Amino acid sequence: EDLVIMCTASSKPSLEEVRSKVQSLEELAEQGGIGQAPAHSGLLSGEWELLYSPEDVTRSSPFFWAFRRAFPDQSDQIFSITDSIPAPIKEVGSATQTIDMDAKTFVSRVKVTTLGGLAT
């Protein structure tokens, strides 16, 4: 709960603060034996919303991961151009990932609207 509150606060925490909190929660979980179930137990299945990112939310998309990997020397320059597009021309909403362990699917979505919602 503290991690969720930290990541959804109006003032964004630093990456180091988030890492420190996650590490302390991992240690608590390990001490209590929480998280020992295999990854295929189904606990991961469902829709997950990204609450924190040290960079633009759109970077959570596999498209941007692949782009960064394919063009490591140019990606930051390209991203800085797209990041500087002002609202209302570009507005970024929530980022979600849906995991279905039974169907073996992973779907990543980032809500981006352009031109005041005329294009999504």
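How many aromatic pairs does a search of the whole structure find? The search finds 5 aromatic pairs, where rings of Phe, Tyr and Trp (its six-membered ring) pair if their centres lie within 6.5 Å, and planes under 30 degrees apart count as stacked, over 60 as edge-to-face and the rest as tilted.

Before I go on, please keep in mind that this is a predicted model, in which local features need pLDDT of at least 70 and side-chain atom pairs count only at pLDDT 80 or more, while totals for chains, interfaces and linings use all residues. Residues are numbered from 1 along each chain as its sequence is written, and side-chain values use heavy atoms, with hydrogens and water left out.

Let me begin with one of these pairs. The rings of Phe64 and Phe79 have their centres 5.2 Å apart and their planes at 65 degrees, so this pair is edge-to-face. The pair links distant parts of the chain, with Phe64 in helix α3 and Phe79 in helix α4, 15 residues apart; helices here are DSSP runs (H or I, at least four residues), and strands (E, at least two) are too, numbered from the N terminus. Phe79 counts as buried because its relative accessibility is 3%, where buried means under 20% relative accessible area, exposed over 50% and partly exposed in between, with a 1.4 Å probe and protein chains only.

The rings of Phe67 and Phe71 lie with their centres 5.1 Å apart and their planes at 45 degrees, so that pair is tilted, and Phe71, at 42% relative accessibility, counts as partly exposed. Ring pairs link Phe63, Phe64, Phe67, Phe71 and Phe79 into a cluster.

Elsewhere, the charged end of Lys12 sits over the ring of Tyr52, 5.6 Å from its centre.

Finally, I turn to Leu51, which has its place in the loop between strand β1 (46-49) and helix α3. Leu51 is partly exposed, with a relative accessible area of 37%. Leaving aside its neighbours within four places in sequence, Leu51 is in contact with Val4, Cys7 and Thr8, contact meaning heavy atoms within 4.5 Å. The C-alpha atoms of Leu51 and Val4 are separated by 7.3 Å, although the two residues are 47 residues apart along the chain.

Technical notes:
A charge sits over a ring if NZ of Lys or CZ of Arg is within 6 Å of the ring centre and within 35 degrees of the ring normal.
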